[in-house]
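Please work through the exercises below with the sequence and the structure side by side, trying each task before reading its solution.

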Amino acid sequence: MITRQRLTAGVFVLLAVLTAGIAVPSTAVADETTATAPKVNLLLDVSGSMRAKDIDGQSRMAAAKQAFNEVLDATPEEVRLGIRTLGADYPGDDRKTGCKDTAQLYPVGPLDRTEAKTAVATLTPTGWTPIGPALLKAADDLEGGEGTKRIVLISDGEDTCAPLDPCEVAREIAAKGIGLTIDTLGLVPNAKMRLQLSCIAEATGGTYTSIEHRDELTDRVNQLVDRAADPVVVPKAVEGADACARAETLASGLYTDREEFGQERWYRVDVKPGQELRASVSVGADRDVNPDYGVLLRAVTTKNREIVRGDAAGNGRTDVISTGLRYPKAEAEDEEDEDVAETVCLQVTHSYSPASGVKTTPGLPLEITIDVVDGPDQAADVASFGLGRGWWLLGVLVLAGFLAGVLWGWLSRWRLAVWRTN
């Protein structure tokens with residue numbers, strides 16, 4: 001009897017050990033997946049001004065709720081998403097209390113779409129606009145883990161809780177080195193709000209977008225959430241040449257270089273028939289420069305004939321300016337030419353000038369994005385007089401005008417004949 005009890009106990013112990021041995025690796029894998037999962041915190045302004053009805057005939061709050069519902073449906077499974085509000089709870093006039101009005105509506109973690117939508121449905125435009133304090137709390141929500149971290153701030157007004165400057169708060173968050181990016185979206189923006197939200201985004205390497213329609217809000221937030229799920233791309237260092245003939249040929253990717261004041265840099269890209277070249281360049285002022293500057297990106301042939309160009313200008317209010325271009329190459333007429341690539345030369349120049357006493361070396365940092373993709377249908381017509389596929393509409397309008405002219409002429413002659421008869 002004692003022997004049987006010991007044998008039974010031994011079997012249970014063995015099963016427990018085996019179970020533990022199987023469970024521990026699974027838990028470890030789950031923990032590792034959670035630690036590297038991308039995190040996004042949607043930070044929504046719910047201040048009183050969100051009652052304004054100027055987005056597609058509905059209030060800003062209603063547009064934001066609809067956009068959030070669509071975003072929640074489209075959020076990738078691997079993204080840990082949260083929602084924080086600012087100005088959602090305190091309706092009074094006490095500034096000190098109003099500037100503390102920020103709360104986590106839905107915690108950052110695995111997404112329960114039904115629960116998150118229910119929480120969003122309860123929101124009502126209420127109080128102040130404490131952007132600075134809310135950014136600090138939103139950054140705390142994303143602590144821990146090794147995956148990408150992103151705050152998406154949606155607001156319809158500038159911060160009302162100075163002297164805690166939200167731009168300085170963003171710089172403080174960037175200085176922590178935790179790899180957190182803040183993207184900002186301005187609903188029906190004015191100049192002051194646009195300037196503040198742009199400064200917040202630029203401080204952390206994020207983007208600013210003006211929003212005036214609900215579809216724009218939905219599309220942009222979806223893009224930013226999807227971007228968080230994309231693997232981080234590390235730029236490759238390249239060295240542009242002083243002429244196209246000596247330039248390095250680049251494939252699709254992200255590249256960094258430096259360009260001195262008054263210098264030009266050349267790069268080469270091979271584009272086959274039926275493909276489209278998409279290129280962009282950003283130039284950052286990492287030292288004091290004089291105001292009024294610009295950047296130019298040109299695509300030219302090896303015989304120095306310009307194909308297309310992109311340019312942008314700045315006036316000292318931003319540290320980075322960017323521009324881009326697109327070049328669709330038409331399909332080859334002969335099968336023998338389908339694999340024959342055209343060499344496109346990309347020229348980058350900028351008009352920054354150093355402030356007095358500033359070192360001119362090394363050059364200013366460039367970030368170049370090259371993307372060679374399958375071109376659109378009828379690529380040869382895309383850039384034709386800027387009409388692209390609009391040619392068919394132009395043809396319809398011409399035909400309609402001709403038929404209307406014929407009909408009007410016939411009616412005029414008929415009326416004249418009737419008048420003469422009578």
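**Exercise 1: the surroundings of a methionine**

Task: list which residues Met 193 is in contact with, leaving aside its neighbours within four places in sequence.

Solution. Met 193 is in contact with Ser 155, Asp 156, Gly 157, Glu 158, Gly 186, Leu 187 and Val 188, where contact means heavy atoms within 4.5 Å. The model is a predicted one, in which local features need pLDDT of at least 70 and side-chain atom pairs count only at pLDDT 80 or more, while totals for chains, interfaces and linings use all residues. Residues are numbered from 1 along each chain as its sequence is written, and side-chain values use heavy atoms, with hydrogens and water left out. One of the contacts, Glu 158, lies 35 residues away along the chain, yet its C-alpha atom is separated from that of Met 193 by 4.8 Å. Finally, with a relative accessible area of 1%, Met 193 is buried (under 20% with a 1.4 Å probe, protein chains only; exposed is over 50%, and partly exposed in between).

**Exercise 2: an enclosed strand**

Task: find out why strand β10 is described as largely enclosed by the rest of the structure.

Solution. Begin with burial: seven of the ten residues of β10, residues 275–284, are buried, so the strand is largely enclosed by the rest of the structure. Then take its partners, for which pairing requires that DSSP finds at least two bridges between two strands. With strand β15 (residues 364–374), β10 pairs in the antiparallel sense over nine bridges, and here Leu 277 has Val 372 as its bridge partner. With strand β13 (residues 320–328), β10 is also joined in the antiparallel sense over nine bridges, Ser 282 being partnered by Ser 322.

Terms used: Helix = DSSP H or I, 4+ residues; strand = E, 2+ residues; numbered from the N terminus.
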